[in-house]
Amino acid sequence: MSKTTRTFLIVISAACPAALFARVAGAADLNVANVERVGADHVRFDISWTNSWRASWTEAGAKVTNWDAAWIFVKYRTKGAASWSHATLSSRNADHSAPKGAEIRAGLTGDRAVGVFLHRSADGKGTWTNKGVKLKWLTKDDKLADGAEAELFVHALEMVYVPRGAFYVGSEGKVAGCFTEGSWEKGDPVIPFKITGEAELKVAPERGCLYGTAGLGAAHQIGPVGKLPAEFPKGFAPFYCMKYEVSQGRYAEFLNQLAAKQTEKRYPFPTIPKRFSGNGIHTVRKTAEGFAATKPDRAVNWVSWDDCMAYLDWAGLRPMTELEFEKACRGPLKPVKDEYAWGTGELIEAAWLWAPLPQPPAPLPMGICGPEGRIKAGCTYWGIAAMSGHLRERTVTVGHIEGRRFTAVCGDGSLDETGMANVPNWPGPSENWPAAATAGGGFSGGPWYKDKARLRVSDRFLSSCLRKQRDRSYGFRGVRHAPGGKSK
Ligand SMILES: [Ca+2]
């Protein structure tokens with residue numbers, strides 16, 4: 001540890017006109033700046049974002065606490081390297097430091113820390129700035145030669161903590177193929193099923209079992225009678241869910257850090273019909289300086305199943321299951337007939353619901369904004385934006401045996417050489433599937449242009465139908481188990 005390293009370090013931070021968009025969602029309200037390498041083994045930077053919170057409240061006699069957080073991961077490029085690599089951080093929380101009032105918890109994939117969560121350690125809300133956050137980088141683990149120079153890029157995504165606890169899936173109303181308790185019979189009102197743990201569940205039309213109203217054979221099927229293993233993430237264990245869908249700016253950063261051969265596969269632009277490009281929805285362009293989005297805060301659409309999985313693996317995250325989707329929306333509350341993500345069965349007046357261009361407002365959790373605030377922002381119980389409407393989102397299904405194999409294993413930060421995710425038990429890659437494959441994934445919460453019933457929390461219209469192609473209405477977001485939770 002004798003050497004002094006004063007060299008290298010280049011800062012690249014998202015060039016966002018943050019102030020202009022302070023009220024608007026997306027990436028622009030989060031900024032990372034002043035990235036530098038300190039000594040050989042530390043990365044230091046400032047980070048701030050607007051509409052941050054930590055809050056506690058009481059729900060049906062129980063104390064509830066949640067907060068938002070930044071999922072921070074570091075990419076580096078050594079001199080002469082063709083692409084960027086994922087930095088291995090210390091898995092010991094005490095090796096990282098942040099100003100008073102902040103907590104840092106390492107996020108592990110296997111036993112390797114691929115990023116950290118930074119969040120408030122006490123209740124508060126509003127713009128939150130942390131200067132001089134310092135992460136320990138295990139350069140030896142990454143086989144960096146002593147004194148080797150490296151460019152650094154600190155990525156940060158806003159996420160929301162969904163705490164441990166029981167919740168319901170399935171709600172009465174006009175919802176296709178929704179979950180129900182297994183004693184339900186055709187023609188009866190749906191019986192919401194309570195998820196009370198992560199233990200194996202039986203999927204069957206029997207009392208006490210998880211089942212669905214659409215049986216077998218449809219895009220919204222519950223699938224064959226069988227088991228949902230203990231390893232399948234059911235939403236009971238605590239997890240983090242991205243506050244917004246992945247944005248075009250974030251997707252462009254991803255493209256810029258892959259090897260050329262990988263980027264080719266993940267850059268959909270040449271195949272986007274003209275009416276959806278140009279000044280339209282998708283604004284990621286190849287420029288002399290690399291990929292850039294003219295509307296970086298806009299949610300990225302025109303992404304295939306493989307694109308989504310590749311991004312999530314690269315970012316150290318994973319897709320969410322359709323059970324987690326309902327928990328992320330409803331929280332611990334009893335289901336409401338025809339329920340939307342904001343907790344009522346009535347639609348709200350909001351341009352962003354029905355179009356991919358306007359951005360949803362910044363969300364806050366129930367404990368801060370109350371039921372009226374949720375309706376106004378169109379956000380979930382925990383403070384997650386755009387789960388109903390806007391882009392259609394990819395989820396892992398209970399309704400197909402390929403989906404039931406899924407576990408909580410997250411990405412490790414790197415892809416295979418053809419630009420595919422390579423995490424065990426994730427559905428895909430879809431490149432290998434026949435055109436009409438229904439192999440483990442599906443959609444939840446959308447899309448913006450269709451039947452309004454599709455926006456409902458418990459609607460499973462295409463939840464067991466994995467369309468592998470790209471589409472203007474397809475987007476995604478990631479989740480990750482909370483540190484100390486269902487650790488994989
Ligand atoms: Ca990987």
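Author: Buried residues make up 54% of the 488 residues in the protein. A residue is called buried when 20 or more other C-beta atoms lie within 10 Å of its own, exposed when there are 12 or fewer, and partly exposed in between, with C-beta atoms placed from the backbone. The model is predicted: local features need pLDDT of at least 70, side-chain atom pairs count only at pLDDT 80 or more, and totals for chains, interfaces and linings use all residues. Residue numbers start from 1 along each chain as its sequence is written.

The overall dimensions come next. The C-alpha trace spans about 75 × 50 × 40 Å along its principal axes. A compact globule of 488 residues would have a radius of gyration near 23 Å, and the 21 Å of the protein agrees with that; the radius is taken over C-alpha atoms, and the globule rule is 2.2 Å times the number of residues to the power 0.38. The protein has six helices and 22 strands, where helices (H or I, at least four residues) and strands (E, at least two) are DSSP runs numbered from the N terminus. Of the contacts with a separation of 6 or more, 75% are between residues 24 or more positions apart. A contact is a pair of residues whose C-beta atoms, placed from the backbone, lie within 7 Å.

In soluble globular proteins, nonpolar side chains tend to be buried together. The largest nonpolar core here holds 131 residues, and A70, W71, V74, V154, Y240 and C241 touch the most other members. Strand β8 (residues 150-162) gives this core its largest share, 10 residues. Such a core is a set of buried Ala, Val, Leu, Ile, Met, Phe, Trp, Tyr and Cys residues joined through C-beta atoms within 7 Å. C241 shows what this looks like for one member: leaving out residues up to four places away in sequence, C241 touches M159, V160, V162, M320, A328, I384, R477 and V479.

Helix α4 (residues 322-330) is mostly covered, with nine of its nine residues buried. After α4 comes G331, with a positive phi near 65 degrees.

Helix α1 (residues 248-256) is also mostly covered, with eight of its nine residues buried. Among the buried ones are Y251, A252, F254 and L255. The cover over the buried residues of α1 includes β8, α2 (260-266), β16, β17 and α3 (305-314). Two of these elements, strands β16 (residues 284-287) and β17 (residues 290-293), run antiparallel and are joined by four bridges; strands count as paired if DSSP finds at least two bridges between them. A hairpin of two residues connects β16 to β17, and R285 has A292 in β17 as its bridge partner.

V35, in strand β1 (residues 30-38), is buried because 20 other C-beta atoms lie within 10 Å. Q359, in the loop between α4 and α5, is buried because 23 other C-beta atoms lie within 10 Å.

Most residues other than glycine have a negative phi, and most peptide bonds are trans. A386 has a positive phi of about 60 degrees although it is not a glycine. A386 lies in the loop between α5 (366-377) and β19 (392-396), and counts as buried because of its 30 C-beta neighbours inside 10 Å. A60 has a positive phi too, near 50 degrees. The loop between β2 (42-59) and β3 (62-78) contains A60, which counts as exposed because it has 8 C-beta neighbours inside 10 Å. G428 and P429 are joined by a cis peptide bond, with omega about 0 degrees; P429 is in the loop between α6 (401-404) and β20 (441-444).

Last, confidence. The average pLDDT, the predictor's confidence in each residue from 0 to 100, is 89, and 91% of the residues score at least 70. Over residues 1-27, pLDDT stays under 50, and the model has 58 contacts beyond four places in sequence for them. Where pLDDT is low, the predicted coordinates should not be read in detail.

Note on methods. Contact = placed C-beta atoms within 7 Å.
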